[in-house]
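Subject: Structure handover and findings

Hi,

Here is the structure I promised to pass on. Please load it first, then read my notes below.

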Amino acid sequence: MEEDMMFLKWWLKVVLILLIVMVFGVKVFVVFWWKQKKIEEHFAKQGIRGPPYCFFIGNAKELVSLMVKASSKPMPFSHNILPRVLSFYHHWKKIYGPTFLVWFGPTVRLTVAEPDLIREIFSSKSEFYEKNEAHPLIKQLEGDGLLSLKGEKWALHRKIITPTFHMENLKLLVPMATSSVVRMLDKWLDMSNTDEVEIEVSQWYQNLTEETVTRTAFGTSYEDGKHIFQLQAQQMVLASEAFQKVTIRVTESWRLEKEIKKCLMKVIERRRENWDKEGMENGPKDLLGLMIKASTKESENISPATAPAAAITARDIAEECKSFFFAGEQTTSNLLTWTTVLLAMHPQWQVIARDEVLKVCGPRDIPTKDDVSKLKTLTMILNESLRLYPPIVASIRRAKTDVQLGGCKSLVGPSF
């Protein structure tokens, strides 16, 4: 009898384990295979296909292969940068057309490049889409600021930050920016022993932009801000390495993140303590000052019941400073670099731009704030550089609900 009971218990344990394994197996099958195949079937009925999904890894193997192959070759002397920066899109567009599915692991993305569809996502039907959650490494870099915020908090932060970029405020920053440029040019002249000198302009422009962005963000706290942004630049290098290699230096990344937050909080508290002594009425409005001013006003005007939702905290200010550097430093330095490359490729436009600057500025060495808007040809050259070499080649949005995009019915969840 006891043997029968022991056998029954053993048998029940085996059945229970098998049941758990089966349930787990079914769940894995549904999450990593059945769901993906249903999505492929849904879009295939509407004429949208893509590279076939592979269990769990999606199209990761092909994506890495295409990226490595593209970066291993010298970049051709051409303005067609798509094969280099978005090699997977360049390759699969020729096979599946401009709109197709691509799998990042078990997560699907519908690639869209037609202007009318992009307009729907970002403008006419933007209420049906939301920002996609960034990769943890990118999230760490960009901060939890305007780039990633949503809803009412995004609207509040945008309202506070906007005066930093008003034309009148930007004009007040022109003397500071021009003095930085003059210092850079003087160093270039000192490097030249002959009539010609070869300079790696991208690094110089990066240092120039870093200085300008730091002053715009931190104002009177420039020296502290410079140290913080140098730490964030190191973070960028680690993140770039992580996307190209299998191993990630997690400990180093965490150490930098901890130090950045600690330094930011110190700067914010010190600026708050000296807030009554400072005045922003006559000088340029820096990002840190505007955020602290807003947080002071908010804390005076809001009721205790709504305080947690409405107040601008020290953490909010710190995250916005991180976002500002992430969004502004690389994009601006890349614009200056590519503009220089284009002018070197087309020397006739150098002559036209130089003649315009001499005509507008006259005998003065440095342009004034009123001269900037008069430099029409230079503005046109910068816009053409942005068209050929845009700082952002792709943007991701996620459908909040089932939505009609062009003639295609999309499901909730896929990213675009």
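How many salt bridges does the count come to? The count comes to 16 salt bridges, taking a salt bridge as a side-chain nitrogen of Lys or Arg within 4 Å of a carboxyl oxygen of Asp or Glu. Details follow, after the ground rules.

This is a predicted model: local features need pLDDT of at least 70, side-chain atom pairs count only at pLDDT 80 or more, and totals for chains, interfaces and linings use all residues. Residues are numbered from 1 along each chain as its sequence is written, and side-chain values use heavy atoms, with hydrogens and water left out.

Overall picture

The protein chain has 17 helices and 6 strands. Both are DSSP runs numbered from the N terminus: helices are H or I with at least four residues, strands are E with at least two. Of the 416 residues in the protein chain, 34% are buried. Buried means under 20% relative accessible area, exposed means over 50%, and partly exposed is in between (1.4 Å probe, protein chains only). The accessible surface of the chain is about 25,800 Å², and carbon and sulfur atoms hold 62% of that. Areas come from the Shrake-Rupley method with a 1.4 Å probe; for residues, only the protein chains shown count as cover.

Now contacts, meaning heavy atoms within 4.5 Å. Among contacts with a separation of 6 or more, 64% are between residues 24 or more positions apart.

Salt bridges

Side chains of opposite charge can pair when their charged atoms come close. Some pairs to look at:

- Arg 183 and Glu 211 form a salt bridge, with the closest N and O atoms 2.5 Å apart. Arg 183 sits in helix α9 (residues 174–191) and Glu 211 in helix α10 (residues 201–218), so the pair ties together parts that are 28 residues apart in sequence. Arg 183 is partly exposed at 39% relative accessibility. Glu 211 is buried at 16%.
- Asp 144 pairs with Arg 315 in a salt bridge, closest N and O atoms 3.8 Å apart. This pair links distant parts of the chain, 171 residues apart: Asp 144 is in the loop between α6 (136–142) and α7 (151–161), and Arg 315 is in helix α15 (residues 314–345). Asp 144 is partly exposed at 22% relative accessibility. Arg 315 is partly exposed too, at 46%.
- Lys 125 and Glu 120 form a salt bridge, with 3.6 Å between the closest N and O atoms. Lys 125 is partly exposed, with a relative accessible area of 26%. Glu 120 is buried, at 16%.

Nonpolar patch

Leu 16, Leu 19, Ile 20, Met 22, Val 23, Val 26, Phe 29, Val 30, Val 31 and Trp 34 make a nonpolar surface patch of about 930 Å². Patches use residues with over 30% relative accessible area and no salt bridge; like charges are joined within 9 Å, nonpolar side chains (Val, Leu, Ile, Met, Phe, Trp, Tyr) within 5 Å. Val 30 lies in helix α1 (residues 2–44). Val 30 is partly exposed, with a relative accessible area of 34%.

Hairpin

Strand β1 (residues 100–104) pairs with strand β2 (residues 107–111) in the antiparallel sense, over 5 bridges. Two strands pair if DSSP finds at least two bridges between them. Leu 101 has Leu 110 in β2 as its bridge partner. The hairpin has 2 residues between the strands, and Gly 105 takes a positive phi near 65 degrees.

Single residues

Phe 56 also has a positive phi, near 70 degrees, and is not a glycine. Phe 56 is placed in the loop between α1 and α2 (60–72). Its relative accessibility is 45%, which counts as partly exposed.

Asn 80 is in the loop between α2 and α3 (82–85). Asn 80 and Leu 388 are 308 residues apart in sequence, yet 8.0 Å apart in space, C-alpha to C-alpha.

Thr 377 lies in helix α17 (residues 376–388) and is buried at 16% relative accessibility. Neighbours within four places in sequence aside, Thr 377 contacts Trp 349, Ile 352 and Glu 356.

Cysteines

The structure holds 0 disulfides, a disulfide being a pair of cysteine sulfur atoms within 2.5 Å. Cys 54 is partly exposed at 32% relative accessibility. Cys 408 is buried at 7%.

Best regards
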